[in-house]
Structure formats: C-alpha cells, structure tokens
Amino acid sequence: ILLWVHWRGSTPGKKLLSIRIVRYPQSQPVSYLNGVLRYVGYFASFIVIGLGFIMIAARKDKRGLHDLIGGTCVIREK
C-alpha cells in the first residue's frame, strides 16, 4: 500500500512492466483508502475461488474485483 501511494501507483514489478495503479475514472494518484480497499479486494477475489481475477478477462475495462472494491484501475505508463 505504501508503494502504491508513494511510488505513483507502482511496485517494483509494476515499474518493470511500465504500469501503475490510479483511481478510476479520474486517473488521479491512489490514496491510502484506495490502497487499503484494493488490498482487501485481493482477499475477496481469492476467496471466491479466484473469480475476482478471472473477471479481468471478461470485462471490457479489464478491472478485477479488487479494482472495483478499491475504486482503481491499472494503466500503462507512456
């Protein structure tokens, strides 16, 4: 959560892939509240037999359950 907030929405792995997490739909930096909710959303995605992660492939906006809970999305850095 600290990396998401203080590294402009990135972790080391996300930096290598040139992606970052932002608030949806404003594309503003992630707040602590967004980070905590997204982190909790990872557990919710896992608990439902991973369907929260599988839904990323099915949705047009490519947001998983953790993104919906956290009010975030992943974007490519330019």
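Student: What share of the contacts in the chain with a separation of 6 or more comes from residues 24 or more positions apart?
Tutor: That share is 54%. Keep in mind that this is a predicted model.

Student: OK. How many helices and strands does the chain have?
Tutor: There are 5 helices and 2 strands.

Student: And in what order do the elements run from the N terminus?
Tutor: The order is α-α-β-α-α-α-β.

Student: What radius of gyration does the chain have, and what would a compact globule have?
Tutor: The chain has 12 Å. For 78 residues, a compact globule would be near 12 Å, so the two agree.

Student: What box do the C-alpha atoms fill?
Tutor: Roughly 30 × 25 × 25 Å, taken along the principal axes.

Student: How much of the chain counts as buried?
Tutor: 31% of the 78 residues.

Student: And what about the accessible surface? How much of it belongs to carbon and sulfur atoms?
Tutor: The accessible surface comes to about 5200 Å². Carbon and sulfur atoms hold 68% of that.

Student: Let's zoom in. Where does Thr72 lie?
Tutor: In strand 2, which covers residues 72-76.

Student: Is Thr72 buried or exposed?
Tutor: Buried, because its relative accessibility is 0%. The cut-off for buried is under 20%.

Student: Which side chain does Thr72 join in a polar contact?
Tutor: The side chain of Asp67, at 2.9 Å.

Student: Which residues is Thr72 in contact with, leaving aside neighbours within four places in sequence?
Tutor: Among them are Ile21, Val22, Arg23 and Tyr24. The list also includes Val30, Asn34 and Arg38. Arg63, His66 and Asp67 are on it too.

Student: New topic, rings. How many aromatic pairs are there?
Tutor: The count is 2. One of the pairs is Tyr39 with Phe43, and it is edge-to-face. Their centres are 5.4 Å apart, with 85° between the planes.

Student: How are Tyr39 and Phe43 placed in helix 3?
Tutor: They are 4 residues apart in helix 3, residues 32-47, so about one helical turn separates them. Tyr39 is partly exposed, with a relative accessible area of 42%. Phe43 is partly exposed as well, at 48%.

Student: Why is the pair of Tyr42 and Phe53 stacked?
Tutor: Because the planes of the two rings are at 25°, and planes under 30 degrees apart count as stacked. The ring centres are 6.3 Å apart.

Student: Which parts does the pair of Tyr42 and Phe53 tie together?
Tutor: Tyr42 lies in helix 3 and Phe53 in helix 4, residues 51-58. So the pair ties together parts 11 residues apart in sequence.

Student: What are the relative accessible areas of those two?
Tutor: Tyr42 has 23%, so it is partly exposed. Phe53 has 33% and is also partly exposed.

Student: Last stop, Pro12. Which helix is Pro12 in?
Tutor: Helix 2, residues 12-16. At 44% relative accessibility, Pro12 counts as partly exposed.

Student: Which residues is Pro12 in contact with, leaving aside neighbours within four places in sequence?
Tutor: Leu3 and Trp7.

Student: And how many Å separate the C-alpha atoms of Pro12 and Val74?
Tutor: 14 Å, with the two residues 62 apart along the chain.

Conventions
Residues are numbered from 1 along each chain as its sequence is written. This is a predicted model: local features need pLDDT of at least 70, side-chain atom pairs count only at pLDDT 80 or more; totals for chains, interfaces and linings use all residues. Side-chain values use heavy atoms; hydrogens and water are left out. The radius of gyration is taken over C-alpha atoms; the globule rule is 2.2 Å times the number of residues to the power 0.38. Buried means under 20% relative accessible area, exposed over 50%, partly exposed in between (1.4 Å probe, protein chains only). Contact means heavy atoms within 4.5 Å. Accessible areas come from the Shrake-Rupley method with a 1.4 Å probe; for residues, only the protein chains shown count as cover. A polar contact is a pair of N or O atoms within 3.5 Å; within protein, one must be able to donate a hydrogen and the other to accept it, and residues adjacent in sequence count only if both atoms are side-chain atoms. Rings of Phe, Tyr and Trp (its six-membered ring) pair if their centres lie within 6.5 Å; planes under 30 degrees apart count as stacked, over 60 as edge-to-face and the rest as tilted.
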